[in-house]
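Dear colleague,

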Amino acid sequence: MHPHGFLKAVEQLCKQYNVLLICDEVAVGFGRTGTMFACEHEQVEPDIMCLGKAITGGYLPLAATLTSQRIYDAFLSDAHGVNTFFHGHTYTGNQLVCAVALESLKLYKQNHVIQHVQKTSKILHNHLHKLANHPHVGDIRGRGLMYGVELVADKATRQPLSIEKVESIIAECKACGLMIRNLEHVITFVPILTMSKKEIKKMVRIFTKALTTILD
């Protein structure tokens with residue numbers, strides 16, 4: 001996870017050298033990090049933004065590419081073939097999927113999803129960081145409702161915990177009712193945005209118990 005200020009500095013460099021800035025918000029957009037889009041944390045306005053996944057609440061597949069007015073105008077033309085960007089595929093503009101996306105966005109406003117994430121993410125942060133001194137936790141990083149807990153065999157050397165033990169921890173969590181996944185030796189926490197405070201506490205409690213069961 002990049003330090004605060006990094007993305008803003010990248011934006012400034014792009015402007016300085018007239019380079020387009022593209023932000024991939026497919027995984028982190030639509031409230032995942034506590035703002036509608038992750039780049040908002042640093043007031044960054046990309047030239048191109050890639051969206052997907054949560055745009056429909058995960059019910060149907062949909063992706064979108066947003067551009068600045070300057071880029072849009074560059075491809076706008078009355079003459080066929082002069083500036084037009086000819087790109088599309090068979091499933092472009094599916095009416096059903098777009099209707100689902102519109103309803104999903106309405107629910108964001110009606111249910112105050114972003115505000116909910118801002119509250120529950122503090123609970124996730126606080127409860128996960130109680131594991132900071134665990135002998136097999138090398139690092140805890142994340143933002144909003146997207147966190148990673150790096151598991152290590154040795155805290156001093158940061159030697160990764162074996163995949164076999166990581167998978168055993170995941171299996172133990174599953175046996176206790178928690179579906180969770182890993183990226184190598186990092187356990188990822190990406191709960192649904194509407195998860196309650198009680199459920200978040202239970203999620204971390206199950207994970208903590210699994211660590212004790214497998215590693216102690």
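This is a predicted model: local features need pLDDT of at least 70, side-chain atom pairs count only at pLDDT 80 or more; totals for chains, interfaces and linings use all residues.

Residues are numbered from 1 along each chain as its sequence is written, and side-chain values use heavy atoms, with hydrogens and water left out.

The names of the elements also need a word: helices (H or I, at least four residues) and strands (E, at least two) are DSSP runs, numbered from the N terminus. Two strands are said to pair if DSSP finds at least two bridges between them.

Let us begin with an open sheet of three strands, which has the order β1-β2-β3 and mixed pairing. Its edge strands are β1 and β3 (64-67), each of which pairs on one side only, and the twist from one strand to the next averages 15 degrees. Strand β2, residues 48-51, is joined to β3 by four bridges, and the two run antiparallel; within β3, A64 is the residue that stands opposite L51.

Strand β8 (186-189) has pairing of its own. Four bridges join β8 to strand β5, residues 146-154, in an antiparallel arrangement, with V149 opposite I187. β8 also pairs with β7 in the antiparallel sense, over three bridges, and there I187 is the bridge partner of N182. In a regular strand the side chains alternate between the two faces of the sheet. In β8, V186 and T188 point one way and I187 and F189 the other way, and all are buried, where buried means under 20% relative accessible area, exposed means over 50% and partly exposed lies in between (1.4 Å probe, protein chains only).

β7 and β8 form a hairpin with two residues between them. E184, in the loop between β7 (181-183) and β8, has a positive phi of about 60 degrees although it is not a glycine, and E184 is exposed, with a relative accessible area of 58%. A second residue of this kind is N18, which is not a glycine and has a positive phi of about 55 degrees. N18 is found in the loop between α1 (6-16) and β1 (22-24), and N18 is exposed, with a relative accessible area of 62%.

Helix α1 also holds E11, which is buried, with a relative accessible area of 3%. Leaving aside residues up to four places away in sequence, E11 touches L21, Q43, V44 and E45, where contact means heavy atoms within 4.5 Å.

How are helices α4 and α6 packed, and at what angle? Helix α4 (residues 113-128) and helix α6 (residues 197-215) pack at an angle of about 20 degrees, with their axes 10 Å apart; axes are lines fitted to C-alpha atoms, for helices over the stretch in contact, and angles run from 0 to 180 degrees between N-to-C directions. That makes α4 roughly parallel to α6, since angles under 35 degrees count as roughly parallel, over 145 as roughly antiparallel, 65 to 115 as roughly perpendicular and the rest as oblique. The contact is made by T120, I123, L124, H127 and L128 of α4 and by K197, I200, K201, M203 and V204 of α6.
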